[in-house]
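Here are a few friendly notes to read alongside the model. Please keep the structure open as you go through them.

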Amino acid sequence: MYNKTFSILLFYFNLLLCVRCAGRCCCDGIKKAVCSSWTQWIMSLILFAFVVRVRDGLPLSASTDFEHNRELQERKQQLRTISKALALFPDRGTVKGQKLNIYFVSSEGVSYMTVCHCSLPVAKAFCFLEDLRWEFTTCYNSTVVALAARPYPFLEFDSTIQKLKQQYNQSGGPALEITLAEVQQDLNIHPPQVLTLEEVELTNGTANGHMEQAPGSGQNVRLEPVTAPGILSLVLNIMCASLNIIRGVHLIEYTFQDDYEGIWNVVAFFLAFVCCVFQCHLYLFHSSLKKPKSFTLLSVIVLCNFYLLGMRNMWQLIFHISVASLSTVLILTRKLQDRTNDCGV
């Protein structure tokens, strides 16, 4: 009886020891897996990569990431800001952040951009971008890139980006033919321009029409489609401009005969003609400082018509001023077309 009871107790004691050992092993395994995952996340020095067309900032491809780091999201937003004004930036640049830096390289109409941890050497960051450029140009030629019309047409390139990121994050070295020494030597000869966040915002404002655009910037700024009232105002403006130039040319003949007594009337007609032409230009094409320009043109047309009051009746005066006012309203209400969204990448 006692032997049987002792055997049962011994059995349960051994079973308890087994369960405890198994639980400890399981916990150790989970702990190792979590630590391994955490270490891998900590060692991810290249966090995000972005490929964009220089001409108009069209996103071509990007790496997929699931991190919700606040600074990373801010850097990604700054990447999109830079991409809209790449034609105004140098071919190679750096934007330094608190813990994360932005690096980009532009070549053959395509820019390769990345967000990296500040502990990653600059040479390795640009080495990664050179590898990325090599891979992209191998997969897609310039004609395909130029004909791309929608955002992210080469999303399948994400798999290649992930392989490159993994190569650099794990081994820390180049994946293709480019060597770290070559990139370091090139950076010593042609160092990347270090940009500040203020310069990025300022240049982006220039590219979006808040300031005069630099010549040859290549930015594709589009206005909203021309409306029916817009077409009407253009026709009426052309009519007013034609009437002004015709009256001015005819008046020149009489001015020469009358010892230049009507020379200021001729100037008023020609000035009104020029203002009408500029109003058409302002309506059809984007321009900075649109509001002061349009109000200046309207004021000059009104003053010219009042000066010509003796040569025009009241109805003609009202017609010319009304056409100029309509054109001014339509110029100010015609907005820029919204850019295509980045599809949340």
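This is a predicted model: local features need pLDDT of at least 70, side-chain atom pairs count only at pLDDT 80 or more; totals for chains, interfaces and linings use all residues.

1. Now the overall picture. The protein has 345 residues, and 40% of them count as buried. Its secondary structure consists of 11 helices and 6 strands. If we take the contacts between residues at least 6 apart in sequence, 69% of them join residues at least 24 apart. The accessible surface is about 20,200 Å², and carbon and sulfur atoms account for 64% of that area.

2. Next, the charged pairs. Side chains of opposite charge can pair when their charged atoms come close.

3. The side chains of Arg75 and Glu71 meet in a salt bridge at 3.1 Å, N to O. Here both Arg75 and Glu71 are buried.

4. Another salt bridge links the side chains of Arg53 and Asp56, at 2.8 Å from N to O. Are these two partners buried or exposed? Arg53 has a relative accessible area of 4%, so it is buried. Asp56 comes to 17%, and because the cut-off for buried is under 20%, Asp56 is buried too.

5. Asn244 deserves a visit of its own. Asn244 lies in helix H8, residues 228-257, and is buried at 2% relative accessibility. Which side chain does Asn244 join through a polar contact of 2.5 Å? The partner is Arg312. Setting aside neighbours within four places in sequence, Asn244 is in contact with Phe269, Ala272, Phe273, Cys276, Arg312 and His320.

6. On to helix packing. Two packed helices are described by the angle between their axes and the distance between the axes. Helix H3 (residues 122-139) packs with helix H6 (residues 180-189) at an angle of about 110 degrees, and their axes are 9 Å apart. That angle makes H3 roughly perpendicular to H6. On the H3 side, the contact is made by Val122, Ala123, Lys124, Phe126 and Cys127. On the H6 side, the residues are Leu180, Val183, Gln184 and Leu187.

7. Helices H10 (residues 290-307) and H11 (residues 314-333) give us another pair to inspect. Their axes come within 10 Å and cross at roughly 180 degrees, so H10 and H11 are roughly antiparallel to each other. Residues of H10 in the contact include Phe295, Leu298, Ile301, Val302 and Phe306. Those of H11 include Leu317, Ile321, Ala324, Ile331 and Leu332. His320 of H11 also takes part in this contact, and His320 is one of the residues that Asn244 touches.

8. Glu108 is not a glycine, yet it has a positive phi of about 55 degrees. Glu108 is in the loop between strand E4 (100-107) and strand E5 (110-117), and at 68% relative accessible area it is exposed. Tyr152, also not a glycine, has a positive phi of about 55 degrees. Tyr152 is in the loop between helix H4 (142-147) and helix H5 (158-171). With a relative accessible area of 4%, Tyr152 is buried.

9. A last stop is Pro191, found in the loop between H6 and strand E6 (193-195). Pro191 is exposed, at 58% relative accessible area. Where does Arg92 lie relative to Pro191 in sequence and in space? The two residues are 99 apart in sequence, and 8.2 Å separates their C-alpha atoms.

Methods:
Residues are numbered from 1 along each chain as its sequence is written. Side-chain values use heavy atoms; hydrogens and water are left out. A salt bridge is a side-chain nitrogen of Lys or Arg within 4 Å of a carboxyl oxygen of Asp or Glu. Buried means under 20% relative accessible area, exposed over 50%, partly exposed in between (1.4 Å probe, protein chains only). Helices (H or I, at least four residues) and strands (E, at least two) are DSSP runs, numbered from the N terminus. A polar contact is a pair of N or O atoms within 3.5 Å; within protein, one must be able to donate a hydrogen and the other to accept it, and residues adjacent in sequence count only if both atoms are side-chain atoms. Contact means heavy atoms within 4.5 Å. Accessible areas come from the Shrake-Rupley method with a 1.4 Å probe; for residues, only the protein chains shown count as cover. Axes are lines fitted to C-alpha atoms, for helices over the stretch in contact, and angles run from 0 to 180 degrees between N-to-C directions. Angles under 35 degrees count as roughly parallel, over 145 as roughly antiparallel, 65 to 115 as roughly perpendicular and the rest as oblique.
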